Amino acid sequence: MLACLLIGILLAGCGSFWDVMPQGKEEDALSDAEEDLIVVGFSQLGSESVWRTANSESIQGTLTRENGFFLEFNNARQKQDNQIKAIRGFISQRVDYIVFSPVTEEGWETVLQEAKDAGIPVILVDRKASVDESLYTTWVGSDMRKEGENAGIWLEEYLRQTGRSDEEINIVVLQGTIGSSSQIGRTEGFDAIAGAHPNWHILQQEPADFTTAKGKEVMEQFLRKYPNIDVVVSQNDDMTFGVLQAMDEKGITTGVNGDVILISFDAVREALEMVAQGVINVDVECNPVQGEYIADILYRLENNEMVEKENCVKEQIFTPENVGEYLDTRTY
Ligand code: GYE
């Protein structure tokens with residue numbers, strides 16, 4: 001394996017594996033202990049959100065030398081081209097496994113075929129790639145459609161409890177990166193429930209890139225355009241923070257005793273605190289702690305054990321009623 005790695009590095013014109021090796025220690029680097037490491041190239045799609053940071057930390061904190069891995073981590077800064085470049089780099093370095101979180105679903109056939117031709121297994125994490133199943137070994141992540149449905153089901157129930165089931169309900173939606181699995185799944189899931197309610201009106205769905213800055217900007221546009229919003233659905237917590245800033249500036253309140261019902265996704269600590277305060281009505285969890293799932297899959301593959309094609313992480317929904325007991329243990 002190391003011989004291949006070295007050839008790969010030469011072909012790649014000395015890749016970044018070399019950059020992390022201490023000067024003059026090449027011989028040491030090839031010591032027996034190193035030979036056993038599982039070499040993983042990981043292309044993270046970016047660092048747009050608190051969720052993403054937690055996801056990167058989970059993977060970096062698990063695929064460690066102590067656990068038997070040599071991890072090469074690349075941040076693609078939201079650009080598919082950067083991810084493709086990183087994956088090609090991993091292929092020429094002949095890593096043992098490629099792990100990556102595809103920024104959007106389309107456009108991966110060519111590079112994944114190249115990985116397959118090179119005999120390198122590919123593990124998708126978090127988001128999916130819309131390719132033939134033979135082009136990747138397995139996927140670990142969240143059921144995003146289910147998350148969207150859960151948001152809709154929660155709203156049905158909340159309107160029932162507050163005696164508003166028959167009212168006309170005006171909804172605006174801030175979407176994540178268009179074409180990403182999380183945007184597609186959460187949109188489809190929520191729309192499926194909304195479609196069953198002729199009195200729910202989705203006034204507009206607008207992309208806000210999963211970031212706070214864009215979330216604020218899009219919410220400001222919504223507030224200028226629509227005087228009577230009943231519900232805001234924000235497809236991640238970072239955008240929700242932006243929504244709250246925009247609302248605050250206009251003196252509009254949200255949540256349990258507020259003017260507008262606010263639904264969020266991810267359930268990072270800062271947002272859960274807002275759920276506890278009743279400012280966010282519900283936060284549909286998306287679990288970023290995926291490092292251990294990936295390590296487990298890699299160990300199994302090393303042992304030639306079977307792995308499922310799809311591996312969903314566990315998650316739930318948080319409301320002011322149940323959030324208290326989770327706050328203390330939330331690490332991100
Ligand atoms: O919800 C959002 C992030 O794909 C599940 O991406 C992920 C989403 C997550 O930036 O915060």
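**View 1. Glu285 in its strand.** Glu285 has its place in strand S10, which spans residues 282–285, in what is a predicted model. The relative accessibility of Glu285 is 7%, and because buried means under 20%, Glu285 counts as buried.

**View 2. The contacts of Glu285.** When neighbours within four places in sequence are left aside, Glu285 is in contact with Glu147, with Asp266 and Ala267, with Lys314, Glu315, Gln316, Ile317 and Phe318, and with Arg330 and Tyr332.

**View 3. The six-stranded sheet.** Strand S10 is part of an open sheet of six strands, which has mixed pairing and the order S7-S6-S8-S9-S10-S12.

**View 4. The pairing of S9 with S10.**

**View 5. Helix H11 across the strands.** Helix H11 (residues 237–249) lies across strand S6 (169–175), strand S8 (231–234), S9 and S10, and runs at about 155 degrees to S9.

**View 6. The whole protein as context.** The protein contains 14 helices and 12 strands, and buried residues make up 52% of its 332 residues. Of the contacts with a separation of 6 or more, 74% are between residues 24 or more positions apart. The protein exposes about 14,800 Å², of which carbon and sulfur atoms supply 47%.

Terms used. Residues numbered from 1 in each chain as written. Predicted model: local features only at pLDDT ≥ 70, side-chain atom pairs only at ≥ 80, totals over all residues. Heavy atoms only, no water. Helix = DSSP H or I, 4+ residues; strand = E, 2+ residues; numbered from the N terminus. Buried < 20%, exposed > 50% of the residue type's maximum accessible area, 1.4 Å probe, protein only. Contact = heavy atoms within 4.5 Å. Areas by Shrake-Rupley, 256 points an atom, 1.4 Å probe, with all protein chains shown as cover. Pairing = 2+ DSSP bridges. Axes fitted to C-alpha atoms, helices over the stretch in contact; angles between N-to-C directions.
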